[in-house]
Amino acid sequence: MAELNITKDTFQKEVLESDKPVIVDFWATWCGPCRMLGPIVSELAEEHPEIKVCKVNVDDEPDLAQQFNVMSIPFIATFKNGQLYKSSVGVQPKEALLGLLN
């Protein structure tokens with residue numbers, strides 16, 4: 001399953017009301033490390049259908065970035081049962097991203 005592009009209008013339904021664990025990648029087009037992390041996030045989405053993988057462009061959705069105190073990108077936030085579970089900043093290997101759900 002491909003990753004979903006999330007907006008403030010879809011965040012509640014797609015992330016907070018998801019019946020699956022969710023990984024959200026907060027990113028921007030101008031961010032070099034975000035471009036490095038992008039293919040890893042895409043692989044996660046394809047290889048792990050039991051996880052919902054979402055992307056939030058912080059330039060297009062500054063309110064969401066502010067809501068989750070995103071100060072540096074790439075910022076990965078994981079959600080379980082509608083609650084923020086764990087987060088990390090910077091490029092991470094796929095295994096580390098999966099580890100944020102444990």
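I take helices and strands as DSSP runs, numbered from the N terminus. The model I am reading is predicted.

**Entry 1**

I looked up asparagine 81. It sits in the loop between β4 and β5. Its phi is positive, about 50 degrees, although asparagine 81 is not a glycine. Is asparagine 81 buried or exposed? I find a relative accessible area of 75%. The cut-off for exposed is over 50%, so asparagine 81 counts as exposed.

I noted a cis peptide bond between isoleucine 73 and proline 74. Omega there is about 0 degrees.

Asparagine 69 is in the loop between α3 and β4 too. I read its phi as near 55 degrees, a positive value in a residue other than glycine. Asparagine 69 has a relative accessible area of 58%, so I list it as exposed.

**Entry 1: glutamine 92**

Next I turned to glutamine 92, in the loop between β5 (83–89) and α4 (94–99). Its relative accessibility is 21%. Buried means under 20%, so glutamine 92 goes down as partly exposed.

Which residues does glutamine 92 touch, leaving aside its neighbours within four places in sequence? I found Leu37, Ile40 and Leu97. I also checked phenylalanine 75, which is 17 residues from glutamine 92 along the chain. Their C-alpha atoms are separated by 10 Å.

**Entry 2: the cavity**

The structure holds 1 cavity of 30 Å³ or more. The largest cavity has about 30 Å³ of space. What lines it? I wrote down Met1, Ala2, Leu4, Ala45, Ile51, Lys52 and Val53. By class, the lining has 6 nonpolar residues, no polar ones and 1 charged.

**Entry 3: the whole chain**

I then stepped back. I count 4 helices and 5 strands in the chain. From the N terminus, their order is β-α-β-α-β-α-β-β-α.

How does the radius of gyration sit with a compact globule? For 102 residues, such a globule would have a value near 13 Å. The chain has 12 Å, so the two agree. Along the principal axes, the C-alpha atoms fill a box of roughly 30 × 30 × 20 Å.

Of the 102 residues, 47% count as buried. The chain exposes about 5400 Å², and carbon and sulfur atoms supply 53% of that.

Key
Residues numbered from 1 in each chain as written. Predicted model: local features only at pLDDT ≥ 70, side-chain atom pairs only at ≥ 80, totals over all residues. Heavy atoms only, no water. 1 Å grid on protein atoms, 1.4 Å probe; cavity = no way out; pocket = protein on both sides within 12 Å on 5 of 7 lines; lining within 4 Å. Points joined across faces, edges and corners; volume = space filled by probe spheres on them. Nonpolar A, V, L, I, M, F, W, Y, C, P; charged D, E, K, R; others polar. Helix = DSSP H or I, 4+ residues; strand = E, 2+ residues; numbered from the N terminus. Rg over C-alpha atoms; globule rule 2.2 N^0.38 Å. Buried < 20%, exposed > 50% of the residue type's maximum accessible area, 1.4 Å probe, protein only. Areas by Shrake-Rupley, 256 points an atom, 1.4 Å probe, with all protein chains shown as cover. Contact = heavy atoms within 4.5 Å.
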